[in-house]
Amino acid sequence: MKFVVQVRLFPTPAQEAALADTLRLCNEAANVVSRIAWEINTFRNYDLRRHTYSALKEMGLSAQPAQHVIKKVADAYTTVRAQVKAKLREALMRPIGFRCDAAQPFDDRCLSWQIPARTVSLWTTHGRTKGIRFGCSDEQARLLAAYRRGESDLVHRDGLWLLIATCDAPDTDVTDPDAFIGVDLGIANIATTSDGVKHAGKALNAVRHRNRQLRRKLQAKRTKSAKRLLKRRRRAEARFARDINHRISKSIVTEAARTGRGIALEDLSGIRERVRLRKPQRVTLHSWSFHQLGSFIAYKAARAGVALVRVDPAYTSQECSACGHVDKRNRPDQETFVCMSCGFAEHADVNAARNIAMRGVAGWAAVMQPNAA
């Protein structure tokens, strides 16, 4: 199972200058390769090497960084062509461009980690730069020492220098679950489990509303200071939501592992296209990071050996978890569920989560059913 570990670098002024020059040169070279690839209509990695490798060496790149620059360009065109084929974007009208501080990959020939000392050394345009300090938790250090494989990306983001390392851990055997925890994802409550645990979305929605109001005011000012503040805050909301999603997913997976149960999630792919809402509600839905939360739960479950199934969410909010009766009138408002058939009453999100848990049991049984002879 592949995952990434991100650490922050703390370079000295001289080391920072070397890192900045390295990113600038690598991305200038990437733009050169991109223009050549566009002009000769050649986008495969090995084919591009014949046409561009010598030019990159003349620009001052060593052998391995030059190879990585060419591969980065080839991968970028592969990604864009796949997006065009899937109709996720328009066809390219000009060569792909790379920012002067875009991320650059390094392999073990160009980058070495000294994890106990919390330092790295890497190739730069100023030569091999050693002793660049980095900060990480003890758990991150353990993961880096045990599972780091392949490339690491040097990233300059919002004034911070980061290294994003690829790790490859062996797959954990999935434990056959005794039952399932159903997880209902929503806006009023980000996640509600079939155990009755509700992770409220009120604080997150309040932060997002406040940020929208602030962005609107700053964009109206159009001054240099307002633009600086907008740039500084542009990822603050995403970091806040990401932290909340990590906490929620860790709580759910830890409880499932502790009790020997699996996790059942709604399959919400395409919900933005399916659901019709009023304009104020659309803003909330489109800023709702349910996909990220679902992916966090999935990868944490895989690492813990917890079974996970995705189920059809249709009518989970209208179906009675006690008798199975489905009726739109069962849910008179956002919080309330009262079955019109048997009179069962429960918080609406908890009732939906219990329906999801029962569908998880059925879905797991279907997955584990042996093929007919």
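1. **Ground rules.** The model is predicted, so to speak: local features need pLDDT of at least 70, side-chain atom pairs count only at pLDDT 80 or more, and totals for chains, interfaces and linings use all residues. Residues are numbered from 1 along each chain as its sequence is written, and side-chain values use heavy atoms, with hydrogens and water left out.

2. **Overall picture.** The protein has 11 helices and 14 strands; these are DSSP runs numbered from the N terminus, with helices being H or I of at least four residues and strands being E of at least two. Its C-alpha trace spans about 80 × 60 × 45 Å along the principal axes. Of the 373 residues, 40% are buried. For the burial classes, buried is under 20% relative accessible area, exposed is over 50%, and partly exposed is in between (1.4 Å probe, protein chains only).

3. **Contacts and surface.** Take the contacts (heavy atoms within 4.5 Å) with a separation of 6 or more: 63% of them are between residues 24 or more positions apart. The exposed surface comes to about 21,100 Å², and carbon and sulfur atoms supply 52% of it. Those areas are from the Shrake-Rupley method with a 1.4 Å probe, and for residues only the protein chains shown count as cover.

4. **Charges.** There are 63 positive and 36 negative charges, and their mean positions are 9 Å apart. Lys and Arg count as positive and Asp and Glu as negative, while His and the chain ends are not counted. Each charge is placed at NZ of Lys, CZ of Arg, CG of Asp or CD of Glu.

5. **Helix H3.** H3 runs over residues 63-85, 23 residues in total, and its end-to-end C-alpha distance of 33 Å is close to the 33 Å expected at 1.5 Å a residue. The expected span is 1.5 Å times one less than the number of residues. Its buried residues include Pro65, His68, Ile70, Lys72 and Tyr77. What covers the buried part? Helices H1 (13-40) and H2 (45-59) are among the covering elements, together with strands S2 (104-106), S4 (119-124) and S6 (148-157). After H3 comes Lys87, with a positive phi near 60°.

6. Salt bridges here mean a side-chain nitrogen of Lys or Arg within 4 Å of a carboxyl oxygen of Asp or Glu, and the structure holds 18. One of them joins Asp75 to Lys71, with the closest N and O atoms 2.9 Å apart. Both residues sit in H3, 4 residues apart, or about one turn. An α-helix has 3.6 residues a turn, so residues three or four places apart point the same way. Asp75 is partly exposed at 35%, and Lys71 is partly exposed too, at 33%.

7. Arg258 and Glu255 form a salt bridge with their closest N and O atoms 2.8 Å apart. They are 3 residues apart in helix H7 (residues 236-259), about one helical turn. Arg258 is exposed at 62% relative accessibility, whereas Glu255 is partly exposed at 27%. The pair belongs to a network of salt bridges that also links Asp195 and Arg261.

8. **Arg44 and Asp47.** The side chains of these two meet in a salt bridge, 3.0 Å from N to O. Arg44 is exposed, at 52% relative accessible area.

9. **Positive phi.** Most residues other than glycine have a negative phi, and most peptide bonds are trans. Arg118 has a positive phi near 60°; it lies in the loop between strand S3 (111-114) and S4 and is partly exposed at 23%. Asp158 has a positive phi of about 55°, lies in the loop between S6 and strand S7 (160-168) and is partly exposed at 36%.

10. **Two more residues to look at.** Is His199 buried or exposed? His199 counts as buried, at 16% relative accessibility. His199 is in strand S10 (residues 198-200), and leaving out residues up to four places away in sequence, it touches Asn189, Ile190, Ala191, Ile248, Ser251 and Ile252. Arg35 is in helix H1 and is partly exposed at 43%.
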